[in-house]
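Have the coordinates open while you read.

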Amino acid sequence: MISHPDSRPARWATLTALLTTGALLTACSSGSGGGASDGTGRPKSGGTLTFAVGSDAGCVDPQQVGSNDTIYSLRQIVDSLTDQDPKTGRIVPWLAKSWDISKDTKTFTFHLRSGVTFSDGSTLTAQVVKDNFDAVPKLGALATLAQGYLSGVESTTVVDPLTVRVSFKQPNAQFLQATSTFSLGIESSASVKRAPKQKCSDGVVGSGPFTLKQYVQNRSITLAKRTKYAWGSALWSKKGEAYLDRLVFKVVPEAGVRTGSLQSGQVDAISSVGRADESALKGAQVNLAARANPGNVFNLGLNNSRPLLKDVKVRQAILFAVDRQQIVDAVFPTGTRPATSILAHTTPDYTDLGKDLAHDAAKAKSLLDEAGWKTGGDGIRTKDGDRLSLTVSWFANAATNQPALELIQQQLKAVGIDIVLKERQISQFATTLQSGDFDAVWGNVTRADPDILRSSYSTKLANFYHLPASPLDSLLTRQAATSDATERAQLVEQAQRLIVRNAYVVPVVELQTQLGVAKKVHDLGFEASSRIQLHDTWIG
Amino acid sequence: MRRYVVKRVAQAVGVLWAAYTVSFLVLILLPGDPVSAMAGAGAEAGTVDPAQLARLRHEYGFDKPVLAQYADHLGRAVRGDFGDAISTGRPVTSTLGDALPQTLTLTGTALLLAVVLGGGLAVLATYTSRRWLRQLLLSLPPLGVSVPTFWVGLLLVEVFSFRLRWFPAFGNDGPRGLVLPALTLAIPTGAQIAQVLAKSLLTALDQAYVETARAKGAGRLRIHLRHALRNASLPALTVVGLLAGQLIAGSVVVETVFSRDGLGRVTVAAVTAQDIPLVQGVVVFGALIFVLANLIVDLVYPLLDPRIVVASGRKGSFA
């Protein structure tokens, strides 16, 4: 573009810029409060909850979607066979009144509630459940979560109109918890039989406390209360229908706009509050709700088949060189916990191994010395001409990934390990793991059942991290085959110990889900997988 | 005139084809494919069955040779069929059809605002005889051009939505929701119009025909608006044509900041998911809008200055 030849306007421009920014920034810095609550404390029905989320998965079928931002709304339109208590991890009745599990944990029989209807008027029967469990595996890669829960299923049989039996080829203790997830939320038979694409764009028919009223892609998901709903989870405090009349989920990608909208009362709740947004929300009429995601914590998933990483001393040195507390304090939202096991503390059968994961740079250095790695000229260790250099692949699906990894890079450099960071597209996640072409991968997995250890680290399954066959395998297989809770907990504890002590992977930090909720909104809590359930939520 | 129009239309088609081909090449060269992207986004449990992926790849035709895929896609695109978006399963044309009006409303309003604000500023700055006022006004366009769009947007939201609560911070609901995003887009655009128009107005006012008009006794305002502005608006019009494309590009940022539904948001989603059919649709639509805007500008030129067609006809080219 043409610039003015005179130099004076340029000076003027600078001055004007300074004046304008100065004035506007002052206007921005004074505090402000949201709407006040009357605080009577008694729950009441009615009202609309407006919830701003950061993204839209482009699909409104809970069986096909894995993204939290979209699940927050879709969870409300389907019921599951069971529910999971977030405090104890225990599985409780929902659409199923009770269930029997065979001693070898291969067969699961569910006794369904009577009188449950879907929003299309059809009734819940054993056949409907069968239709769902038969259809899900056919969704394939469109529904990786749901399909994974049902992998190895042999047959689903209708025993009588309200009894359904699911049989697996192998022992499969995780399946009970899987029936509590949104991924295996039960849809009506007519809904299940529609094409996957159609379910994605038009939505599904569930028996949940809310129904889908409108979906505008990238803009909003609107739900309406189902009157005469009477088959809620055993965990819910309110019996019958929900308190709220309407739920509106607006897609607001910009974090600053979400924060400001909550502060100024344009929305009642927001997802994904980052550390940077916290201070703006403090003092406003807002509560910050946070819960660690159960499952595998964020970790450096080491490729145990690489020459450098075959040596347990090198893996352990990495484990001890990482200062988890420093990473938490510098990068993650307030309240985030450093990893104290490969499992997050909210996972059932989690064991505190914090002592084994304490930062100890001196120990890391002596381990590397023992392994024959000598410090070279640039501070990076070498052995027989090889540099102790590793590539960490990571995916830009969370804003905290890069700063966390850069800090790890510095911490490892301090003991003589060189880390090269390699960003990849999220679309390469599956192919990266499959190809095995990585030294380490940064990631986590959300799952409220310890069986996630088996899917991640058993050498009998995909074994993406190339662990060697070891006693760990039999522990993982046995925990999947036991129906005795105490025995299973012991096996899982031993498995966690083996993974951490052998440093097959390096646990770093728990992922914390953090929401901002206006103070006038009550009882908006997390369920066992750190997602939300809005049946009991009310505004007052 | 007819040769002039035919040539412009042929050029437009060429641009569309090039846009389609380049976007196809870029997407094919990117590592991964939409099927892996789908699996990657949901692959929390790490349980992706390679056979399933292969089946889906086959279903979408990603296992065919690149040239066959290209010919196949292009053949259907010519007939207006861009296939289904892989991430949502909805037809690309209806996805774009839903988004397009939102973006056209936004960019149209922004362009109008930009012409009014930028044009007004340029006329006022060149008309005023107060030197300080002229300098002040002329210092605004460089400022408007240099501040980043997302920053302007966030500032406007902070002041007019979060503080004063005059306008909603996000959404597509009604004219009130249009004000801040349109203004955000209009500021850099209007600034460019003002820069060009002010410059050419100042040049025009030094021309001999202005002297002639003045000698004939025409008033200052009349000279400024009737004589100088008419001649000065030609370069500004060229800029407006170019700005149409820039506005569409700007809508990516503005629609994200203001959480508006539209082509910009569809673009972001499509690129993130490496949704090849959808990205191709977006690119061709974007190019179409750009091409149409410039075609209109080209066809308006002769109305302002008939010498253009004459020149074009004689030399066979027009730059």
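How far apart do the C-alpha centres of domain 1 of chain A and domain 2 of chain A lie? They lie 31 Å apart.

## Ground rules

This is a predicted model, where local features need pLDDT of at least 70 and side-chain atom pairs count only at pLDDT 80 or more, while totals for chains, interfaces and linings use all residues. Residues are numbered from 1 along each chain as its sequence is written, chains are lettered from A and ligands numbered from 1 in the order in which they are written, and side-chain values use heavy atoms, with hydrogens and water left out.

## Two domains in chain A

Chain A splits into domain 1 (48-292 + 514-539) and domain 2 (295-510), with bounds that come from an automatic or database domain assignment. On the contact count (heavy atoms within 4.5 Å), 22 residues of domain 1 of chain A touch 23 residues of domain 2 of chain A.

Together the two domains bury about 1600 Å², with 46% of it on carbon and sulfur atoms; buried area here is the accessible area (1.4 Å probe) that two parts lose on being put together, summed over both. On the domain 1 side, Gln174(A), Arg275(A) and Ala292(A) lose the most area to domain 2 of chain A, together 33% of what that side buries.

## Salt bridges elsewhere

Side chains of opposite charge can pair when their charged atoms come close. Over all chains, the count comes to 25 salt bridges. Take Asp84(B) and Lys197(A), whose closest N and O atoms are 3.6 Å apart. Asp84(B) sits in the loop between α4 (66-78) and α5 (92-127) of chain B, and Lys197(A) in helix α7 (residues 196-202) of chain A, so this pair joins two chains. Helices are DSSP runs (H or I, at least four residues), as are strands (E, at least two), numbered from the N terminus.

Asp84(B) has 32% relative accessibility and counts as partly exposed; Lys197(A) is partly exposed at 32% too. On that scale, buried means under 20% relative accessible area, exposed over 50%, and partly exposed in between (1.4 Å probe, protein chains only). Within chain A, Arg387(A) bridges to Asp378(A) at 2.6 Å between the closest N and O atoms, and Arg194(A) to Asp202(A) at 3.4 Å. There is also a salt-bridge network linking Asp61(A), Glu187(A) and Lys199(A).

## Rings and a charge

The rule takes rings of Phe, Tyr and Trp (its six-membered ring) with centres within 6.5 Å; planes under 30 degrees apart count as stacked, over 60 as edge-to-face and the rest as tilted. Phe298(A) and Trp442(A) have ring centres 5.2 Å apart and planes at 15°, so they are stacked. Phe298(A) is in strand β13 (residues 295-302) and Trp442(A) in strand β19 (residues 440-446) of chain A, so the pair ties together parts 144 residues apart in sequence. Phe298(A) is buried at 6%, and Trp442(A) is buried at 2%.

In chain B, Phe160(B) and Trp166(B) have centres 5.7 Å apart and planes at 40°, so that pair is tilted. Back in chain A, Phe108(A), Phe110(A), Phe133(A), Phe168(A) and Phe175(A) form one aromatic cluster. Finally, Lys238(A) lies over the face of Tyr243(A), at 5.0 Å from the ring centre; the rule wants NZ of Lys or CZ of Arg within 6 Å of the ring centre and within 35 degrees of the ring normal.

Conventions
A salt bridge is a side-chain nitrogen of Lys or Arg within 4 Å of a carboxyl oxygen of Asp or Glu.
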